[in-house]
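Please consult the sequence and the 3D structure shown below.

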Amino acid sequence: MILELDCGNSFIKWRVIHTADAVIEGGGIVDSDQALLAEVAALASVRLTGCRIVSVRSEEETDALCALIAQAFTVQAHVAHPAQRMAGVRNGYDDYQRLGMDRWLAALGAFHLAKGACLVIDLGTAAKADFVAADGEHLGGYICPGMPLMRSQLRTHTRRIRYDDDSAERALTSLSPGRSTVEAVERGCVLMLQGFARTQLEQARALWGDEFTVFLTGGDAPLVREAVPQARVVPDLVFVGLAMACPLD
Ligand SMILES: Nc1ncnc2c1ncn2[C@@H]1O[C@H](COP(=O)(O)OP(=O)(O)OP(=O)(O)O)[C@@H](O)[C@H]1O
Ligand SMILES: CC(C)(CO)[C@@H](O)C(=O)NCCC(=O)O
Ligand SMILES: [K+]
């Protein structure tokens with residue numbers, strides 16, 4: 001069995017898959033290295049044969065996590081590294097090493113699944129969009145604050161915006177104009193995300209007409225689902241690309 005990790009800025013997504021057929025044995029989302037070790041150990045400690053990682057954290061943090069994994073599960077972790085081209089996709093950044101690895105792998109996964117032009121919208125701590133043309137040329141993309149960052153900026157830089165997580169969740173049962181602070185902020189930020197997604201769609205249409213596939217991924221994908229009904233929701237898109245960039249056997 002193989003342990004797969006997607007280390008984002010706020011959370012680590014993990015899953016354990018069978019080596020032969022990629023059937024998923026278990027997985028989860030945690031907010032610390034220690035929580036990761038505990039959850040994985042509870043599932044599959046003795047049977048891991050490999051580990052692959054994508055990380056947008058610092059090299060030091062990623063190395064430290066690899067060392068913990070080597071110690072806990074006696075497997076060597078393989079970390080995905082930037083590439084100028086891979087699996088038919090050409091990195092569109094002026095300096096290919098600067099493109100976030102989560103974006104690069106999601107683009108690889110999307111092009112592999114779409115077999116044509118595609119737009120990837122990934123909504124996590126940051127909101128990201130990336131464009132890959134039918135010939136595999138990555139055209140670049142966009143990065144904005146995601147839902148958690150928009151929310152915390154408002155809370156941090158105002159005196160009178162204060163509310164708890166439970167009321168935040170309740171506020172999102174509708175998107176009509178808010179009649180309380182929590183509704184106004186939570187709904188406003190969701191509309192920002194939806195506006196971001198719709199604008200990316202417009203860009204894709206201007207480039208490619210109707211000949212493209214839209215992918216939606218990241219923890220906050222459900223918040224824009226209705227704004228982009230044609231999108232394929234693929235929560236594990238980064239893992240699809242990770243398997244391509246880090247084959248293990
Ligand atoms: N089980 C969950 N645990 C934590 N966050 C979740 C969960 N389910 C959905 N979310 C949402 O996902 C968002 C975080 O998304 P994601 O995990 O894709 O971020 P990230 O990978 O840390 O960020 P980035 O990809 O920008 O580095 C949070 O805003 C939260 O609302
Ligand atoms: C944009 C984030 C933070 C999203 O996780 C990540 O992809 C990253 O650190 N990227 C490096 C900067 C860039 O992609 O241009
Ligand atoms: K991510």
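Contact here means heavy atoms within 4.5 Å. This is a predicted model, in which local features need pLDDT of at least 70 and side-chain atom pairs count only at pLDDT 80 or more, while totals for chains, interfaces and linings use all residues. Residues are numbered from 1 along each chain as its sequence is written, chains are lettered from A and ligands numbered from 1 in the order in which they are written, and side-chain values use heavy atoms, with hydrogens and water left out.

**Annotated aspartates**

UniProt, in an unreviewed entry, places a "binding site" at Asp 122. The "active site" annotation, also from an unreviewed UniProt entry, covers Asp 102. UniProt positions are given in the numbering used here, feature names are shortened, and annotations may be inferred rather than shown by experiment.

Helices (H or I, at least four residues) and strands (E, at least two) are DSSP runs, numbered from the N terminus.

Leaving aside neighbours within four places in sequence, Asp 122 is in contact with Ala 127, Lys 128, Thr 217, Gly 218 and Val 238. With residues up to four places away in sequence not counted, Asp 102 touches Val 54, Val 56, Lys 128 and Val 238.

**Helices H4 and H6**

Helix H4 (residues 147–157) and helix H6 (residues 181–208) have axes that come within 10 Å and cross at roughly 140 degrees. H4 is therefore oblique to H6. Axes are lines fitted to C-alpha atoms, for helices over the stretch in contact, and angles run from 0 to 180 degrees between N-to-C directions. Angles under 35 degrees count as roughly parallel, over 145 as roughly antiparallel, 65 to 115 as roughly perpendicular and the rest as oblique.

From H4, Met 147, Met 150, Arg 151 and Leu 154 meet Val 185, Glu 186, Cys 189, Val 190, Met 192 and Leu 193 of H6.
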